[in-house]
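Subject: A structure for you to look through

Hi there,

Here is the structure I promised to pass on. Please open it beside this email and follow along as you read.

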Amino acid sequence: MNFNFANERPADADAIIFAITKNGLSEFDLALEQADIVKSAAKAARFEGKSGEVFETFVTETGKVLRVVLTGLGKGKANDAESAGGSAIAKILASGAKHAAIHPSGLDEKRLVRLLFGAKLRSWRHDKYRTTMPEKQKVTLEKITVLDQDLASAKAWQDLSAVADGVALTRELVAEPANAIYPESFVARCEELKELGVEFTVLGWDEMEKLGMGALLGVSQGSERPPRLLAMRWDGTNGAQKTPLALVGKGVTFDTGGISLKPGAGMEEMKWDMGGAGAVAGTMKALAGRKAKAHVVGVCGLVENMPDGKAQRPGDVVTSMNGQTIEVINTDAEGRLVLCDAMHWTQETFKPEVMIDLATLTGAMIIALGNEHAGCFSNDDDLAEDLIDAGKDSGDPVWRLPIGPAYDKLINSPIADMKNVGPRGAGSITAAQFLKRFVKDGVKWAHLDIAGMVWADKPSPVWEKGATGYGVRLLNQYVADNFED
C-alpha cells in the first residue's frame, strides 16, 4: 500500500476516515459539508466509537460521492488506535475505494502513528495465486494519504512503518506454499536485508556435518531439499554492544512428520511450521529498517521434514553438535532437534548473554493456550517478565509456563542422553525442558512456543485470515525496551 502525506485532502480521494473516541461523536468536528447528516446516521446505526467499531456512509461534496468511514478509538489507548486504523482499512480495502484520506482527528502524534501502523498492518494481503477471484473480493485500495504533512518525516512513523515491513516479510514467508519457500529459497528471500546493512552467514550440509550437527541433519536427511543454517547480524551500535542478543528460529519449511507421518487432513497447514524462523527474519528486517541502536543476531535452522527412504526412523540415535545423544522416539518431534543444534552453534559463534528461541513447536501449546497467547518458558525471571511486558505493549501476548527438574526426568532415555519426546502430559513443557539442556551456563534464555499464534482462521483488526506475522512486534518491542537507550 502506498502511504502519502499532505495538509489538504487530495482531489481524487474517494474515501475519508475519521477516528472517534468512545461517546465523542457529538463534539467531534467531522470537517464535512454534511457533517450533521453523517452524525445523525451514525447515531441511528448505534455507532458509539468503541474500539474496533466502524460505521460507513456516503455523502456528496463538490458534485462527487465521498465515502465516509468513522472508526472507533475506544478510550484512545495505543492498541485501540491500531485497531481503529486496521478496522477502517479492512472495511474499505476491497470496497471499490481507491484513495483514502485519513483525517488526523485531533490525535496526538503517538496515537496517530499507531493508527497508521494498524492501517498498514491490515492492508497486507496474499492474493498472488488467486487468479479467478470474484471482483468484489479484489483489493481496490491503492493509496492512503494522511492529512498531516509533518508526519512524513516523524521518527515515530518511520520506525513503526519499518516494523510493519518486517511483519509483512514474516507473513509472506509463512503464507507461501512449501514449493515456493524451502530452505534455499527462504535464504534467497531474506537477501534483501543485505541492502539494509544486515550481515549474512549461510551454512550448507557439508559445513553442518563437519560441525557435528547430527540432530538438525537427521531431520533433513529424508528431503531432496538441502538444509541451511542462516545467521543474520545487525549491529546498530557500531561495536559498542560487544555481545549480541541472539534470536533463534525453527524453520521447518514443511513438516510431514517424517516416518511418524501426520494425518493427511490439515497437513497442508504445515507450510507454516517455519513461523519461528519467519518471525526472526521479519524482526531483523524491522530492526535494520528502523536502524535500531542494538546488536542482534538472528539464526534460522532451515530444513524440510519428509518420509523418504533415507529419512531417520523412530528409535534412531543421533548426536547433537554439543555431543549429547538423542533417541528419536517420534520423528514428528523434529523442531527441537533443529533448534538444539542451531542454539548450540549460536552460543559457540556469538557468545550471547541473552538468547530467545521461537518455534511452532507443539500442538499441546494450542491445547493449553488456544490462539490467544504464545507460551513462554525461561531460566530467568527478569527475562520472562520483560517479554511479557513487551507482549502487552506490542499486541503479541505471551504467557509464562513452568520448567524444572520434575519435568526433566520425563525425557531421560534408557539408551541415550535423552529422548526427543516425553509422555503425553506436559508436552509443551517437556519440549522446553529438552531445549534447556542445550543452554550454556550463564546464558539467559527464553523459549517461545508460538504454535497457536502464527496462523489465524479468523481475521482481526490488524491481520487478514491467514499469516499473522506474530513475533515481530514482540521482539522489536523487547529490543527497544531493553537494548536501546
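Predicted model: local features only at pLDDT ≥ 70, side-chain atom pairs only at ≥ 80, totals over all residues.

A polar contact is a pair of N or O atoms within 3.5 Å; within protein, one of the two must be able to donate a hydrogen and the other to accept it.

You will find R473 in helix 14, which covers residues 472-482. The backbone oxygen of G395 lies 3.2 Å from a polar atom of the R473 side chain. The backbone oxygen of S394 is also placed 3.2 Å from a polar atom of that side chain. Is R473 buried or exposed? Its relative accessible area is 9%, so R473 counts as buried. Setting aside neighbours within four places in sequence, R473 touches several residues, including E82, F117, L121, D396 and W463.

Next, have a look at the sheet. Strands of a sheet pair through backbone hydrogen bonds, either parallel or antiparallel. Here six strands make an open sheet with mixed pairing, in the order 1-6-5-2-4-3. Strand 1 (2-5) and strand 3 (54-61) are the edge strands, each pairing on one side only. From one strand to the next, the twist averages 25 degrees.

Strand 3 and strand 4 (residues 64-74) run antiparallel and are joined by eight bridges. Within this pairing, E56 stands opposite V69 in strand 4. Helix 2 (residues 78-92) packs on the sheet, and its direction makes about 150 degrees with that of strand 4. Helix 3 (residues 109-122) lies across several strands, among them strand 1, to which it runs at about 155 degrees.

Now for the aromatic rings. How many aromatic pairs does a search of the whole structure find? There are seven. In one of them, the rings of F5 and W157 have centres 6.2 Å apart and planes at 65 degrees, so this pair is edge-to-face. The two come from distant parts of the chain, with F5 in strand 1 and W157 in helix 4 (residues 155-175), 152 residues apart. Both F5 and W157 are buried, and together with F3 they form one aromatic cluster.

The rings of W345 and F350 are edge-to-face too, because their planes are at 85 degrees, with centres 5.7 Å apart. W345 is buried at 7% relative accessibility, and F350 is buried at 17%.

Finally, look at two charges over rings. The charged end of R225 sits over the ring of Y182, 3.7 Å from its centre, while that of K194 sits over the ring of F200, 5.2 Å from its centre.

Happy exploring!

Technical notes
Residues numbered from 1 in each chain as written. Heavy atoms only, no water. Pairing = 2+ DSSP bridges. Helix = DSSP H or I, 4+ residues; strand = E, 2+ residues; numbered from the N terminus. Axes fitted to C-alpha atoms, helices over the stretch in contact; angles between N-to-C directions. Contact = heavy atoms within 4.5 Å. Buried < 20%, exposed > 50% of the residue type's maximum accessible area, 1.4 Å probe, protein only. Phe/Tyr/Trp six-rings, centres within 6.5 Å; stacked < 30°, edge-to-face > 60°. Lys NZ or Arg CZ within 6 Å of the ring centre and 35° of its normal.
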